[in-house]
Amino acid sequence: MSKQIIIIGGGPAGIEAARAAAKVGSRVTLISEGPVGGRSGWHSLLPSKVWLSAADTAGMIAESPFATSQEKPAPADILPHLQQIKQQWSTQQVEELKSLGVEIVTGQATLNSANSVLVKDKDGQEVTTLSGDAIILATGSVPFFPPKLKPNGKTVIAPRFMSALKSLPPSVIVVGAGATGTETVYLFNRLGVDVTWIVDQFGVLPDYPPAAGELMAEILAKRGVKIVQGKLADHFEEEYGGVTAVLDDKTRVTAALAFVAIGRFADVGRLNLAAAGLPVADRAFPETNVFCQTAVPTIYAVGDAAGPPMVANRAMAMARVAGLHAAGAQVTPFNPSAVVAAVYSEPQVAQVGTTYADDGSIQTTRLGFGAVMKAHLLGETEGFVELAFDGERKVVGGTAVGPHAGDVLAPVALAIQVGASLDDLASIFATHPTLSELPFAAARHL
């Protein structure tokens, strides 16, 4: 007998859970607060990647030995393309879900119990009540802003405003040195904006190995980014034609625009989880097992709704596991160690698995990107790939800084998933000349 699965959230995780459950015969209802694609598709991930693609193009124009023009992409060209891509991607996903028999309901969902969901429209009017064998929470995350650093949509913005940025400012202050902050610094710098970067005491990309963040900071500084290291932004003050960031040591930095990307937290506070026997503290998230089940077996949480790291491919991997498990199908447990996290700057920064252990049980081998011909053809030789392995030479992690670093680590993720050794990687010679040679060459380098 097929299961009735209710999925709350229309972003990448919700879509993947619906796809997985429907393909094994479950009856699936997907509740999306807005158009399918979610905040990720309409306001954050997809829009940012369109802007980053424009920045990549500007970089290729500036650095290619064959460049004949120094003209940079402009918002007037980027925004129409961005709107087109958003609509196309959403439409494609809706058509696929409908072809799989997934019912799509628009509205805000709250739980009545461990098996029941109430859906209301934006005015608070009841749309429907649904009951199911399992409920998958895929509600994503929302940004965190200290009270004195909140965006106003004019002189202070956040990622969600990038879809409406009709002109580039002459100068910008970026607050935040995580993945989003780093990507934003990169794209504004590439598009010709004067960038000042406020980096706190944790440094650039604190969730990545220190060498990766240090190299990224060095490269961006060479390109003209002004890095204010070890400082916290305390508050903003409006200036005529711009904004001033006042730092914790009273230093003042002024620019035409400020961009804030400090962090995010799971968007589960509106779900009334207590009604299902799953109370969660403010800005916290439900704990999950290897099949993404919470303490209440009929309720699953995936992606950002299950807490950090808040990475889209992690969300989709969890969603597939949850969708299949909720449907009663056989599925391999979710393995967080096989999730590649990447920063989509140029060079990219990526990591997977475990790269360090305090007890010294993990060793590493590093190879510069310049070891393969493709890096020279691209004119990008500053980066490196590093493999981490245990005492039995099993591959347990990897780090890469360089062009297409996220792609470079894909074979490392597979090696972690299947328990491959350095010798297994060393025996493979990828197509030449490509960057895909790097992880295999790094294994041989040891």
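Leaving aside its neighbours within four places in sequence, which residues is Ile136 in contact with? In this predicted model, the partners of Ile136 are Ile5, Ile6, Ile7, Ile8, Ala17, Tyr300, Val302, Ala322, Gly323 and Ala326. Ile136 is also among the residues with the most contacts inside the largest nonpolar core, together with Ile8, Ile31, Val117 and Val302. That core comprises 54 residues. Apart from it lies another core, of 44 residues, which includes Val50, Leu52, Leu220 and Phe384. In soluble globular proteins, nonpolar side chains tend to be buried together.

Phe384 leads on to Gly368, as the two residues touch. Beyond residues up to four places away in sequence, Gly368 touches Gly383 and Leu438 as well. Gly368 belongs to strand 21, which covers residues 363-368. Is Gly368 buried, partly exposed or exposed? Its relative accessibility is 31%, so Gly368 counts as partly exposed. Between Gly368 and Val339 there are 23 Å in space, C-alpha to C-alpha, for a separation of 29 residues in sequence.

The buried residues are Gly181, Thr182, Glu183, Thr184, Val185, Tyr186, Leu187, Phe188, Asn189 and Arg190. The helix runs over residues 179-190, and from its first C-alpha to its last it reaches 17 Å, close to the 16 Å expected at 1.5 Å a residue. Just after helix 5 comes Gly192, which takes a positive phi of about 90°.

Terms used: Residues numbered from 1 in each chain as written. Predicted model: local features only at pLDDT ≥ 70, side-chain atom pairs only at ≥ 80, totals over all residues. Heavy atoms only, no water. Helix = DSSP H or I, 4+ residues; strand = E, 2+ residues; numbered from the N terminus. Buried < 20%, exposed > 50% of the residue type's maximum accessible area, 1.4 Å probe, protein only. Contact = heavy atoms within 4.5 Å. Expected span 1.5 Å × (residues − 1). Core = buried A, V, L, I, M, F, W, Y, C linked by side-chain atoms within 4.5 Å.
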